[in-house]
Amino acid sequence: MDHQPANFLLPSDPRTFGFFVDGKVVEAGSRPYFERQSPGHGVAVTRIPKCTKDDLDLAVAAARRAFEDGRWSRIPSVERASVLLRAAQIIRRRAEEIALWETLENGKPISQARAEVDGCAGIFEYAAGAARALHGDAFNNLGDRLFGLVTREPIGVVSLITPWNFPFLILCERVPFILAAGCTIVAKPSEVTSATTLILAEVLAEAGLPAGCYNVVTGSGSTIGQAMTEHMDIDMLSFTGSTSVGRRCVQAATGNFKKLGLELGGKNPQIVFADADLEDAADGVAFGIGFNTGQCCVSGSRLIVERSVARAFEEMVAAKFAKVKVGDPLDPATQVGAITTAAQNDTIMTYIEKGKAEGARLVCGGDQLDFGRGHYIAPTLFGDVTGDMAIARDEIFGPVLSIMPFDTVEEAIAIANDTVYGLAASVWSKNIDKALTVTRRVRAGRFWVNTTLAGGPELPLGGFKQSGWGREAGIYGVEEYTQIKSVHIELGKREPWVS
Ligand code: TXE
(Lines give C-alpha, C1' and ligand atoms only; values in the text may rest on other atoms or scores of the structure.)
Protein backbone atom coordinates (compact mmCIF):
# COMPACT_ATOMS: atom_id res chain seq x y z
CA MET A 1 0.00 0.00 0.00
CA ASP A 2 1.23 3.45 -0.94
CA HIS A 3 0.80 7.00 0.11
CA GLN A 4 2.61 9.57 -1.95
CA PRO A 5 1.33 13.09 -1.23
CA ALA A 6 0.98 15.30 -4.28
CA ASN A 7 0.79 18.56 -2.33
CA PHE A 8 1.53 20.75 -5.33
CA LEU A 9 -2.03 20.13 -6.58
CA LEU A 10 -3.67 21.28 -3.35
CA PRO A 11 -4.99 24.87 -3.50
CA SER A 12 -3.31 27.28 -1.06
CA ASP A 13 -6.73 28.84 -0.32
CA PRO A 14 -10.19 27.37 -0.76
CA ARG A 15 -12.00 28.48 -3.91
CA THR A 16 -15.21 30.38 -3.12
CA PHE A 17 -18.08 29.55 -5.45
CA GLY A 18 -21.33 31.42 -6.13
CA PHE A 19 -24.51 29.62 -7.13
CA PHE A 20 -26.12 29.90 -10.56
CA VAL A 21 -29.54 31.28 -11.51
CA ASP A 22 -30.94 32.49 -14.83
CA GLY A 23 -27.61 32.38 -16.66
CA LYS A 24 -25.65 34.27 -13.98
CA VAL A 25 -23.38 33.44 -11.09
CA VAL A 26 -24.90 34.79 -7.87
CA GLU A 27 -22.29 35.60 -5.22
CA ALA A 28 -23.09 34.32 -1.74
CA GLY A 29 -23.26 37.86 -0.26
CA SER A 30 -24.42 37.58 3.34
CA ARG A 31 -25.32 33.91 3.05
CA PRO A 32 -23.21 31.52 5.14
CA TYR A 33 -20.94 28.93 3.49
CA PHE A 34 -20.12 25.26 3.74
CA GLU A 35 -16.34 24.94 3.87
CA ARG A 36 -15.26 21.65 2.34
CA GLN A 37 -12.04 19.92 3.37
CA SER A 38 -10.39 17.47 1.00
CA PRO A 39 -11.14 14.06 2.55
CA GLY A 40 -7.72 12.81 1.48
CA HIS A 41 -5.75 15.67 3.01
CA GLY A 42 -7.86 17.51 5.56
CA VAL A 43 -7.19 20.82 3.77
CA ALA A 44 -9.96 23.36 2.99
CA VAL A 45 -10.58 23.31 -0.78
CA THR A 46 -13.96 24.93 -1.51
CA ARG A 47 -16.49 27.31 0.03
CA ILE A 48 -20.07 26.78 -1.16
CA PRO A 49 -23.01 29.11 -0.38
CA LYS A 50 -25.85 27.89 1.81
CA CYS A 51 -28.78 29.06 -0.30
CA THR A 52 -32.21 29.90 1.07
CA LYS A 53 -35.66 28.76 0.02
CA ASP A 54 -36.11 32.19 -1.63
CA ASP A 55 -33.07 31.42 -3.79
CA LEU A 56 -34.71 28.15 -4.78
CA ASP A 57 -37.95 29.95 -5.69
CA LEU A 58 -36.01 32.36 -7.93
CA ALA A 59 -34.24 29.47 -9.65
CA VAL A 60 -37.48 27.55 -10.20
CA ALA A 61 -39.13 30.72 -11.57
CA ALA A 62 -36.21 31.19 -14.00
CA ALA A 63 -36.45 27.55 -15.12
CA ARG A 64 -40.22 27.90 -15.53
CA ARG A 65 -39.89 31.06 -17.68
CA ALA A 66 -37.21 29.42 -19.79
CA PHE A 67 -39.39 26.37 -20.29
CA GLU A 68 -42.66 28.16 -21.07
CA ASP A 69 -41.33 30.72 -23.54
CA GLY A 70 -39.94 27.92 -25.70
CA ARG A 71 -36.34 29.22 -25.89
CA TRP A 72 -35.21 25.61 -25.39
CA SER A 73 -38.30 23.39 -25.27
CA ARG A 74 -39.58 24.37 -28.72
CA ILE A 75 -36.41 24.84 -30.79
CA PRO A 76 -35.48 22.16 -33.34
CA SER A 77 -33.68 19.20 -31.81
CA VAL A 78 -30.72 19.79 -34.10
CA GLU A 79 -30.07 23.06 -32.24
CA ARG A 80 -30.35 21.36 -28.87
CA ALA A 81 -27.95 18.69 -30.11
CA SER A 82 -25.37 21.25 -31.20
CA VAL A 83 -25.33 22.82 -27.71
CA LEU A 84 -24.79 19.36 -26.18
CA LEU A 85 -21.97 18.61 -28.63
CA ARG A 86 -20.26 21.92 -27.82
CA ALA A 87 -20.63 21.13 -24.11
CA ALA A 88 -18.85 17.81 -24.69
CA GLN A 89 -15.92 19.65 -26.31
CA ILE A 90 -15.70 22.14 -23.45
CA ILE A 91 -15.78 19.33 -20.87
CA ARG A 92 -12.84 17.71 -22.69
CA ARG A 93 -10.97 21.02 -22.79
CA ARG A 94 -11.55 21.59 -19.05
CA ALA A 95 -11.21 17.91 -18.10
CA GLU A 96 -8.11 18.28 -15.96
CA GLU A 97 -9.63 21.07 -13.89
CA ILE A 98 -12.97 19.25 -13.44
CA ALA A 99 -11.19 16.03 -12.45
CA LEU A 100 -9.08 17.89 -9.89
CA TRP A 101 -12.11 19.46 -8.13
CA GLU A 102 -13.82 16.08 -8.20
CA THR A 103 -10.83 14.48 -6.47
CA LEU A 104 -10.34 17.32 -4.00
CA GLU A 105 -13.95 17.29 -2.82
CA ASN A 106 -14.72 13.58 -3.10
CA GLY A 107 -11.40 11.87 -2.35
CA LYS A 108 -11.50 9.60 -5.42
CA PRO A 109 -8.24 8.78 -7.23
CA ILE A 110 -7.31 11.41 -9.81
CA SER A 111 -6.81 8.80 -12.54
CA GLN A 112 -10.35 7.55 -11.95
CA ALA A 113 -11.73 11.12 -11.92
CA ARG A 114 -10.04 11.80 -15.27
CA ALA A 115 -11.63 8.71 -16.81
CA GLU A 116 -15.04 9.66 -15.43
CA VAL A 117 -14.84 13.19 -16.85
CA ASP A 118 -13.88 11.85 -20.26
CA GLY A 119 -16.84 9.46 -20.04
CA CYS A 120 -19.10 12.41 -19.20
CA ALA A 121 -18.12 14.18 -22.43
CA GLY A 122 -19.11 10.99 -24.25
CA ILE A 123 -22.50 10.99 -22.54
CA PHE A 124 -23.18 14.51 -23.81
CA GLU A 125 -22.30 13.33 -27.33
CA TYR A 126 -24.62 10.35 -27.06
CA ALA A 127 -27.46 12.51 -25.70
CA ALA A 128 -27.03 14.91 -28.64
CA GLY A 129 -27.85 12.01 -30.96
CA ALA A 130 -30.70 10.86 -28.71
CA ALA A 131 -32.22 14.36 -28.87
CA ARG A 132 -32.54 13.96 -32.63
CA ALA A 133 -33.69 10.34 -32.47
CA LEU A 134 -36.54 11.10 -30.07
CA HIS A 135 -39.87 10.59 -31.81
CA GLY A 136 -43.45 9.55 -31.32
CA ASP A 137 -45.67 7.12 -33.17
CA ALA A 138 -48.42 7.07 -35.78
CA PHE A 139 -51.54 4.87 -36.02
CA ASN A 140 -52.69 4.20 -39.53
CA ASN A 141 -54.97 1.32 -38.51
CA LEU A 142 -57.96 3.23 -37.14
CA GLY A 143 -60.05 3.04 -40.30
CA ASP A 144 -60.38 5.47 -43.20
CA ARG A 145 -61.68 8.34 -41.10
CA LEU A 146 -59.43 8.47 -38.08
CA PHE A 147 -55.70 8.94 -37.97
CA GLY A 148 -53.77 8.76 -34.70
CA LEU A 149 -50.51 10.32 -33.55
CA VAL A 150 -48.60 9.88 -30.34
CA THR A 151 -46.22 12.72 -29.60
CA ARG A 152 -43.63 13.14 -26.89
CA GLU A 153 -43.36 16.46 -25.09
CA PRO A 154 -40.77 17.60 -22.56
CA ILE A 155 -42.15 17.18 -19.05
CA GLY A 156 -41.20 20.71 -17.95
CA VAL A 157 -39.06 21.93 -15.05
CA VAL A 158 -36.96 19.10 -13.64
CA SER A 159 -35.12 19.28 -10.33
CA LEU A 160 -32.08 17.14 -9.72
CA ILE A 161 -30.79 16.09 -6.31
CA THR A 162 -27.43 14.34 -6.52
CA PRO A 163 -25.16 12.58 -4.01
CA TRP A 164 -21.46 12.88 -3.21
CA ASN A 165 -20.11 9.59 -4.55
CA PHE A 166 -19.98 10.54 -8.27
CA PRO A 167 -20.78 14.26 -8.25
CA PHE A 168 -19.99 14.89 -11.92
CA LEU A 169 -20.77 11.46 -13.41
CA ILE A 170 -24.23 11.12 -11.85
CA LEU A 171 -24.98 14.70 -12.90
CA CYS A 172 -23.90 13.96 -16.47
CA GLU A 173 -25.92 10.74 -16.57
CA ARG A 174 -28.98 12.99 -16.21
CA VAL A 175 -28.42 16.59 -17.38
CA PRO A 176 -27.79 15.96 -21.10
CA PHE A 177 -30.81 13.63 -21.33
CA ILE A 178 -33.06 16.13 -19.56
CA LEU A 179 -31.85 18.88 -21.88
CA ALA A 180 -32.16 16.59 -24.92
CA ALA A 181 -35.83 16.12 -24.05
CA GLY A 182 -36.31 19.92 -24.01
CA CYS A 183 -36.74 20.36 -20.25
CA THR A 184 -35.14 22.96 -18.00
CA ILE A 185 -33.26 22.15 -14.79
CA VAL A 186 -32.73 23.24 -11.20
CA ALA A 187 -29.92 21.14 -9.68
CA LYS A 188 -28.93 20.70 -6.05
CA PRO A 189 -25.65 18.86 -5.55
CA SER A 190 -24.59 17.26 -2.29
CA GLU A 191 -23.43 19.93 0.13
CA VAL A 192 -19.98 18.29 0.31
CA THR A 193 -19.34 18.00 -3.44
CA SER A 194 -20.89 21.00 -5.20
CA ALA A 195 -17.95 22.36 -7.22
CA THR A 196 -18.31 20.41 -10.45
CA THR A 197 -22.10 20.92 -10.61
CA LEU A 198 -21.36 24.66 -10.57
CA ILE A 199 -18.58 24.29 -13.13
CA LEU A 200 -21.06 22.53 -15.44
CA ALA A 201 -23.11 25.76 -15.37
CA GLU A 202 -20.10 27.60 -16.84
CA VAL A 203 -19.64 24.85 -19.43
CA LEU A 204 -23.27 24.94 -20.56
CA ALA A 205 -23.37 28.74 -20.71
CA GLU A 206 -20.27 28.76 -22.92
CA ALA A 207 -21.82 26.03 -25.08
CA GLY A 208 -24.75 28.36 -25.80
CA LEU A 209 -27.45 26.97 -23.50
CA PRO A 210 -29.97 29.80 -23.07
CA ALA A 211 -30.20 31.48 -19.64
CA GLY A 212 -32.55 29.82 -17.17
CA CYS A 213 -32.26 26.34 -18.64
CA TYR A 214 -29.71 25.07 -16.09
CA ASN A 215 -29.73 26.55 -12.59
CA VAL A 216 -27.82 25.37 -9.51
CA VAL A 217 -28.95 26.07 -5.95
CA THR A 218 -26.48 24.84 -3.35
CA GLY A 219 -27.43 23.95 0.20
CA SER A 220 -28.33 21.27 2.65
CA GLY A 221 -30.63 18.35 1.97
CA SER A 222 -32.91 19.23 4.86
CA THR A 223 -33.46 22.82 3.61
CA ILE A 224 -33.03 23.06 -0.16
CA GLY A 225 -33.46 19.36 -0.94
CA GLN A 226 -36.63 19.03 1.11
CA ALA A 227 -38.04 22.29 -0.34
CA MET A 228 -37.39 20.97 -3.85
CA THR A 229 -39.26 17.75 -3.15
CA GLU A 230 -42.26 19.78 -1.90
CA HIS A 231 -42.11 22.54 -4.52
CA MET A 232 -45.42 23.03 -6.35
CA ASP A 233 -43.89 24.38 -9.56
CA ILE A 234 -41.43 21.55 -10.25
CA ASP A 235 -42.81 18.96 -12.68
CA MET A 236 -40.34 16.16 -12.04
CA LEU A 237 -37.70 15.32 -9.46
CA SER A 238 -34.76 13.07 -10.24
CA PHE A 239 -33.22 11.97 -6.95
CA THR A 240 -30.11 9.86 -6.42
CA GLY A 241 -29.16 9.01 -2.86
CA SER A 242 -30.17 6.93 0.11
CA THR A 243 -33.32 4.83 0.19
CA SER A 244 -34.47 6.65 3.34
CA VAL A 245 -34.38 10.08 1.67
CA GLY A 246 -35.91 8.52 -1.48
CA ARG A 247 -38.86 7.49 0.65
CA ARG A 248 -39.23 11.07 1.88
CA CYS A 249 -39.19 12.27 -1.74
CA VAL A 250 -42.12 9.98 -2.54
CA GLN A 251 -44.10 11.36 0.40
CA ALA A 252 -43.29 15.00 -0.40
CA ALA A 253 -44.08 14.62 -4.11
CA THR A 254 -47.77 14.09 -3.38
CA GLY A 255 -48.25 17.89 -3.10
CA ASN A 256 -48.40 18.40 -6.87
CA PHE A 257 -47.94 14.75 -7.91
CA LYS A 258 -44.61 15.56 -9.52
CA LYS A 259 -43.13 12.66 -11.44
CA LEU A 260 -40.21 10.97 -9.70
CA GLY A 261 -37.07 9.31 -10.95
CA LEU A 262 -35.30 7.57 -8.06
CA GLU A 263 -31.93 5.83 -8.03
CA LEU A 264 -31.41 4.51 -4.51
CA GLY A 265 -29.29 1.98 -2.67
CA GLY A 266 -27.95 -1.40 -3.69
CA LYS A 267 -26.58 -4.57 -2.09
CA ASN A 268 -25.39 -6.09 -5.30
CA PRO A 269 -24.49 -9.77 -5.71
CA GLN A 270 -21.41 -11.09 -7.51
CA ILE A 271 -22.14 -14.75 -8.25
CA VAL A 272 -19.05 -16.84 -9.00
CA PHE A 273 -19.38 -20.41 -10.31
CA ALA A 274 -16.59 -22.95 -10.02
CA ASP A 275 -16.33 -23.09 -13.84
CA ALA A 276 -15.52 -19.35 -14.13
CA ASP A 277 -12.10 -18.04 -15.12
CA LEU A 278 -11.34 -17.62 -11.41
CA GLU A 279 -8.29 -15.38 -11.87
CA ASP A 280 -10.32 -12.97 -14.00
CA ALA A 281 -13.29 -13.19 -11.62
CA ALA A 282 -11.11 -12.47 -8.55
CA ASP A 283 -9.74 -9.37 -10.22
CA GLY A 284 -13.25 -8.27 -11.25
CA VAL A 285 -14.64 -8.87 -7.78
CA ALA A 286 -11.80 -6.84 -6.19
CA PHE A 287 -12.45 -4.03 -8.69
CA GLY A 288 -16.22 -4.24 -8.12
CA ILE A 289 -15.88 -3.43 -4.41
CA GLY A 290 -12.65 -1.37 -4.45
CA PHE A 291 -13.70 1.05 -7.18
CA ASN A 292 -14.62 4.43 -5.66
CA THR A 293 -13.78 2.89 -2.23
CA GLY A 294 -16.99 0.87 -2.50
CA GLN A 295 -18.98 4.11 -2.28
CA CYS A 296 -20.87 3.15 -5.37
CA CYS A 297 -24.55 2.26 -5.69
CA VAL A 298 -23.63 -0.65 -8.00
CA SER A 299 -20.68 -1.98 -5.94
CA GLY A 300 -20.63 -5.76 -5.89
CA SER A 301 -20.72 -6.04 -2.10
CA ARG A 302 -22.05 -9.61 -1.71
CA LEU A 303 -19.77 -12.33 -3.05
CA ILE A 304 -21.78 -15.52 -3.62
CA VAL A 305 -19.32 -18.33 -4.48
CA GLU A 306 -19.79 -21.99 -5.35
CA ARG A 307 -18.73 -23.90 -2.23
CA SER A 308 -16.24 -26.20 -3.98
CA VAL A 309 -13.99 -23.19 -4.80
CA ALA A 310 -15.04 -20.80 -2.03
CA ARG A 311 -11.88 -21.03 0.12
CA ALA A 312 -9.52 -20.91 -2.84
CA PHE A 313 -11.38 -17.97 -4.34
CA GLU A 314 -11.38 -16.15 -1.01
CA GLU A 315 -7.58 -16.40 -0.97
CA MET A 316 -7.37 -15.12 -4.54
CA VAL A 317 -9.48 -12.04 -3.71
CA ALA A 318 -7.49 -11.41 -0.51
CA ALA A 319 -4.27 -11.55 -2.56
CA LYS A 320 -5.71 -8.93 -4.95
CA PHE A 321 -6.72 -6.70 -2.03
CA ALA A 322 -3.17 -6.91 -0.63
CA LYS A 323 -1.79 -5.51 -3.88
CA VAL A 324 -4.30 -2.67 -4.36
CA LYS A 325 -2.71 0.78 -4.04
CA VAL A 326 -4.58 2.67 -1.34
CA GLY A 327 -3.37 6.21 -0.84
CA ASP A 328 -3.31 9.87 -1.75
CA PRO A 329 -6.08 10.51 -4.29
CA LEU A 330 -3.81 12.99 -6.08
CA ASP A 331 -1.21 10.31 -6.81
CA PRO A 332 -1.91 9.00 -10.33
CA ALA A 333 -0.96 5.46 -9.23
CA THR A 334 -3.60 5.34 -6.47
CA GLN A 335 -6.45 2.89 -7.04
CA VAL A 336 -8.40 3.35 -3.79
CA GLY A 337 -8.59 6.86 -2.36
CA ALA A 338 -10.12 8.41 0.72
CA ILE A 339 -13.54 7.84 2.26
CA THR A 340 -15.57 10.89 1.27
CA THR A 341 -16.87 12.06 4.65
CA ALA A 342 -15.98 11.49 8.29
CA ALA A 343 -19.57 10.34 8.88
CA GLN A 344 -19.31 7.74 6.10
CA ASN A 345 -15.95 6.61 7.51
CA ASP A 346 -17.61 6.03 10.90
CA THR A 347 -20.52 4.18 9.28
CA ILE A 348 -18.15 1.78 7.50
CA MET A 349 -16.04 1.15 10.61
CA THR A 350 -19.23 0.51 12.63
CA TYR A 351 -20.30 -2.14 10.08
CA ILE A 352 -16.86 -3.77 10.25
CA GLU A 353 -17.20 -4.02 14.04
CA LYS A 354 -20.77 -5.37 13.64
CA GLY A 355 -19.52 -8.02 11.20
CA LYS A 356 -16.96 -9.23 13.75
CA ALA A 357 -19.50 -9.12 16.60
CA GLU A 358 -22.06 -11.11 14.57
CA GLY A 359 -19.55 -13.92 14.02
CA ALA A 360 -18.27 -13.30 10.50
CA ARG A 361 -14.62 -14.27 9.93
CA LEU A 362 -12.37 -11.32 9.05
CA VAL A 363 -10.18 -12.57 6.20
CA CYS A 364 -8.27 -9.34 5.56
CA GLY A 365 -8.44 -5.58 6.05
CA GLY A 366 -10.81 -4.19 8.65
CA ASP A 367 -8.44 -1.37 9.61
CA GLN A 368 -8.51 2.34 9.48
CA LEU A 369 -5.31 3.30 7.61
CA ASP A 370 -3.31 6.09 9.20
CA PHE A 371 -1.58 8.29 6.62
CA GLY A 372 -1.34 11.20 9.05
CA ARG A 373 -4.28 13.03 7.47
CA GLY A 374 -7.58 12.23 5.76
CA HIS A 375 -9.64 9.06 6.27
CA TYR A 376 -8.78 5.76 4.63
CA ILE A 377 -10.00 2.20 5.15
CA ALA A 378 -8.26 -0.97 3.95
CA PRO A 379 -10.26 -3.17 1.53
CA THR A 380 -11.96 -5.64 3.84
CA LEU A 381 -13.10 -9.20 3.27
CA PHE A 382 -15.39 -11.23 5.54
CA GLY A 383 -15.92 -15.00 5.25
CA ASP A 384 -18.59 -17.19 6.89
CA VAL A 385 -21.22 -14.52 6.37
CA THR A 386 -24.86 -15.56 6.76
CA GLY A 387 -27.87 -13.87 5.19
CA ASP A 388 -29.17 -12.50 8.50
CA MET A 389 -26.03 -10.46 9.31
CA ALA A 390 -26.10 -6.68 8.92
CA ILE A 391 -23.03 -6.83 6.63
CA ALA A 392 -25.02 -9.11 4.29
CA ARG A 393 -28.20 -7.01 4.32
CA ASP A 394 -27.35 -3.29 4.58
CA GLU A 395 -25.74 -1.05 1.99
CA ILE A 396 -22.44 -0.31 3.76
CA PHE A 397 -21.14 2.00 1.02
CA GLY A 398 -17.51 1.20 1.66
CA PRO A 399 -14.77 -1.28 0.66
CA VAL A 400 -16.28 -4.19 2.60
CA LEU A 401 -17.04 -7.49 0.89
CA SER A 402 -19.02 -10.40 2.40
CA ILE A 403 -18.62 -13.97 1.15
CA MET A 404 -21.52 -16.43 1.14
CA PRO A 405 -21.13 -19.95 -0.32
CA PHE A 406 -23.74 -21.88 -2.36
CA ASP A 407 -24.15 -25.43 -3.69
CA THR A 408 -26.74 -25.18 -6.48
CA VAL A 409 -27.83 -22.67 -9.12
CA GLU A 410 -31.18 -22.33 -7.35
CA GLU A 411 -29.45 -21.55 -4.06
CA ALA A 412 -27.25 -18.92 -5.73
CA ILE A 413 -30.33 -17.23 -7.20
CA ALA A 414 -32.15 -17.35 -3.87
CA ILE A 415 -29.22 -15.76 -1.99
CA ALA A 416 -28.84 -13.10 -4.71
CA ASN A 417 -32.54 -12.21 -4.49
CA ASP A 418 -32.58 -12.18 -0.67
CA THR A 419 -32.40 -8.39 -0.42
CA VAL A 420 -34.79 -5.45 -0.54
CA TYR A 421 -32.61 -3.95 -3.26
CA GLY A 422 -32.35 -4.74 -6.98
CA LEU A 423 -29.91 -2.34 -8.58
CA ALA A 424 -27.19 -4.48 -10.17
CA ALA A 425 -25.64 -7.96 -10.25
CA SER A 426 -22.73 -9.82 -11.83
CA VAL A 427 -22.34 -13.47 -12.72
CA TRP A 428 -19.04 -15.21 -13.50
CA SER A 429 -19.26 -18.54 -15.36
CA LYS A 430 -18.04 -20.05 -18.64
CA ASN A 431 -21.26 -22.07 -18.87
CA ILE A 432 -23.74 -20.05 -20.90
CA ASP A 433 -26.78 -21.92 -19.55
CA LYS A 434 -25.90 -21.10 -15.95
CA ALA A 435 -24.90 -17.51 -16.70
CA LEU A 436 -28.10 -16.75 -18.59
CA THR A 437 -30.36 -18.57 -16.14
CA VAL A 438 -28.97 -16.43 -13.35
CA THR A 439 -29.24 -13.29 -15.48
CA ARG A 440 -32.91 -13.97 -16.17
CA ARG A 441 -33.87 -14.90 -12.61
CA VAL A 442 -32.01 -12.42 -10.41
CA ARG A 443 -34.07 -9.26 -9.94
CA ALA A 444 -31.75 -6.38 -10.77
CA GLY A 445 -31.89 -3.50 -13.24
CA ARG A 446 -28.34 -3.91 -14.48
CA PHE A 447 -26.48 -7.15 -15.08
CA TRP A 448 -22.90 -7.99 -15.92
CA VAL A 449 -21.77 -11.38 -17.28
CA ASN A 450 -18.06 -12.14 -16.79
CA THR A 451 -17.37 -8.50 -16.05
CA THR A 452 -18.53 -5.79 -13.67
CA LEU A 453 -19.07 -2.02 -13.57
CA ALA A 454 -18.73 -1.82 -17.34
CA GLY A 455 -21.00 0.54 -19.19
CA GLY A 456 -21.70 3.35 -21.56
CA PRO A 457 -24.52 5.80 -22.21
CA GLU A 458 -26.29 3.41 -24.60
CA LEU A 459 -27.47 1.08 -21.83
CA PRO A 460 -30.01 2.30 -19.27
CA LEU A 461 -29.42 2.41 -15.51
CA GLY A 462 -31.94 1.95 -12.73
CA GLY A 463 -33.23 -0.42 -10.13
CA PHE A 464 -35.80 -3.08 -9.32
CA LYS A 465 -37.49 -3.26 -5.89
CA GLN A 466 -36.35 -0.65 -3.34
CA SER A 467 -33.47 0.49 -5.56
CA GLY A 468 -35.71 2.98 -7.29
CA TRP A 469 -38.03 4.02 -10.08
CA GLY A 470 -37.36 4.84 -13.70
CA ARG A 471 -34.29 4.60 -15.90
CA GLU A 472 -31.46 6.94 -16.80
CA ALA A 473 -29.38 6.89 -20.01
CA GLY A 474 -30.00 5.20 -23.32
CA ILE A 475 -32.93 6.35 -25.40
CA TYR A 476 -35.03 5.45 -22.32
CA GLY A 477 -33.15 8.15 -20.44
CA VAL A 478 -34.54 10.86 -22.72
CA GLU A 479 -38.02 9.35 -22.83
CA GLU A 480 -38.08 9.41 -19.02
CA TYR A 481 -38.18 13.23 -19.17
CA THR A 482 -41.04 13.39 -21.67
CA GLN A 483 -44.75 12.86 -21.43
CA ILE A 484 -46.96 11.38 -24.06
CA LYS A 485 -49.85 13.02 -25.86
CA SER A 486 -52.35 11.12 -28.05
CA VAL A 487 -53.76 13.04 -31.01
CA HIS A 488 -56.95 11.82 -32.72
CA ILE A 489 -57.48 13.36 -36.16
CA GLU A 490 -60.77 13.10 -38.05
CA LEU A 491 -60.37 12.99 -41.83
CA GLY A 492 -63.46 14.41 -43.48
CA LYS A 493 -66.63 14.96 -41.49
CA ARG A 494 -67.77 13.42 -38.17
CA GLU A 495 -70.94 11.32 -37.94
CA PRO A 496 -73.37 13.89 -36.48
CA TRP A 497 -74.44 13.21 -32.86
CA VAL A 498 -77.62 15.26 -33.17
CA SER A 499 -79.42 14.74 -36.45
O1 TXE B 1 -27.26 10.35 1.47
P2 TXE B 1 -28.51 11.27 1.29
P3 TXE B 1 -26.04 10.55 2.49
C4 TXE B 1 -26.48 5.88 0.73
C5 TXE B 1 -25.24 5.23 1.30
C6 TXE B 1 -24.81 6.24 2.32
C7 TXE B 1 -26.11 6.78 2.81
C8 TXE B 1 -26.07 8.16 3.40
O9 TXE B 1 -25.59 4.04 1.92
O10 TXE B 1 -24.11 5.65 3.38
O11 TXE B 1 -26.92 6.81 1.65
O12 TXE B 1 -25.47 9.09 2.51
C13 TXE B 1 -29.93 15.25 -0.30
N14 TXE B 1 -34.85 15.97 1.00
N15 TXE B 1 -26.24 6.55 -0.53
O16 TXE B 1 -26.48 10.90 3.87
O17 TXE B 1 -28.80 11.97 2.59
C18 TXE B 1 -28.49 15.48 0.09
O19 TXE B 1 -28.27 16.87 0.33
C20 TXE B 1 -34.24 16.07 -0.19
C21 TXE B 1 -26.47 5.74 -1.68
O22 TXE B 1 -25.15 11.51 1.90
O23 TXE B 1 -29.57 10.47 0.67
C24 TXE B 1 -27.76 14.96 -1.14
O25 TXE B 1 -27.78 15.96 -2.16
N26 TXE B 1 -32.93 15.86 -0.37
C27 TXE B 1 -26.53 6.51 -2.92
C28 TXE B 1 -28.63 13.76 -1.55
O29 TXE B 1 -29.91 14.00 -0.95
C30 TXE B 1 -32.20 15.49 0.69
C31 TXE B 1 -25.65 7.69 -3.04
C32 TXE B 1 -28.12 12.39 -1.09
O33 TXE B 1 -27.97 12.41 0.31
C34 TXE B 1 -32.77 15.35 1.96
C35 TXE B 1 -25.51 8.41 -1.79
C36 TXE B 1 -34.16 15.60 2.10
N37 TXE B 1 -34.80 15.49 3.27
C38 TXE B 1 -25.78 7.82 -0.61
N39 TXE B 1 -31.80 14.96 2.82
C40 TXE B 1 -26.41 5.61 -4.12
N41 TXE B 1 -26.94 4.39 -4.02
O42 TXE B 1 -25.87 6.00 -5.14
C43 TXE B 1 -30.65 14.86 2.10
N44 TXE B 1 -30.89 15.20 0.81
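Aspartate 22 is partly exposed in this predicted model, with a relative accessible area of 22%. Aspartate 22 lies in the loop between β2 (19-21) and β3. Its phi is near 55°, a positive value in a residue other than glycine. Most residues other than glycine have a negative phi. A second case of this kind is asparagine 292, which is not a glycine and yet has a positive phi of about 55°. Asparagine 292 sits in the loop between α10 and β14.

A search of the whole structure finds seven aromatic pairs. In one of them, phenylalanine 166 and phenylalanine 291 are stacked, with 5.9 Å from centre to centre and 25° between the planes. Phenylalanine 166 is buried, at 5% relative accessibility. Phe166 and Phe291 belong to one aromatic cluster together with Phe287.

Another aromatic pair has another geometry. The ring centres of phenylalanine 371 and tyrosine 376 are 4.8 Å apart; this pair is edge-to-face because the planes stand at 75°, and the cut-off for that class is over 60 degrees. Phenylalanine 371 is partly exposed, with a relative accessible area of 24%, whereas tyrosine 376 is buried, at 0%.

The charged end of arginine 47 sits over the ring of tyrosine 33, at 4.1 Å from the ring centre. Likewise, the charged end of lysine 50 sits over the ring of phenylalanine 34, at 4.9 Å from the centre of that ring.

Next comes the ligand. There are 25 residues around the ligand, and those that come nearest are Thr162, Trp164, Glu191, Ser242 and Glu395. For threonine 162, a polar backbone atom is 2.7 Å from an oxygen atom of the ligand. A polar backbone atom of glycine 221 is 3.3 Å from a ligand oxygen atom. Glutamine 226 takes part through its side chain, where an N or O atom is 2.9 Å from a nitrogen atom of the ligand. Taken alone, the ligand exposes 800 Å², and the protein buries 85% of that area.

How many disulfides does the structure hold? The number is zero. A disulfide is a covalent bond between the sulfur atoms of two cysteines. The cut-off used for such a bond is 2.5 Å between the sulfur atoms. Cysteine 183 is buried, with a relative accessible area of 0%. Cysteine 296 is in no disulfide either: the nearest cysteine sulfur, that of cysteine 297, is 5.4 Å away. Cysteine 296 is also buried, at a relative accessible area of 6%.

Valine 478 is in helix α16 (residues 474-479) and is buried, with a relative accessible area of 0%. Valine 478 and alanine 130 are 348 residues apart along the chain, with their C-alpha atoms separated by 7.1 Å.

Lysine 434 is in helix α15 (residues 432-441) and is partly exposed, with a relative accessible area of 24%. From lysine 434 to aspartate 144 there are 290 residues in sequence and 51 Å in space, C-alpha to C-alpha.

Glycine 29 is in the loop between β3 (24-26) and β4 (33-37). Is glycine 29 buried or exposed? Glycine 29 is exposed, with a relative accessible area of 63%. Glycine 29 and methionine 232 are 203 residues apart in sequence, and their C-alpha atoms are 27 Å apart in space.

Notes. Residues numbered from 1 in each chain as written. Predicted model: local features only at pLDDT ≥ 70, side-chain atom pairs only at ≥ 80, totals over all residues. Heavy atoms only, no water. Buried < 20%, exposed > 50% of the residue type's maximum accessible area, 1.4 Å probe, protein only. Phe/Tyr/Trp six-rings, centres within 6.5 Å; stacked < 30°, edge-to-face > 60°. Lys NZ or Arg CZ within 6 Å of the ring centre and 35° of its normal. Near = heavy atom within 4 Å. Polar contact = N/O pair within 3.5 Å; in protein donor to acceptor, adjacent residues only side chain to side chain. Areas by Shrake-Rupley, 256 points an atom, 1.4 Å probe, with all protein chains shown as cover. Helix = DSSP H or I, 4+ residues; strand = E, 2+ residues; numbered from the N terminus.
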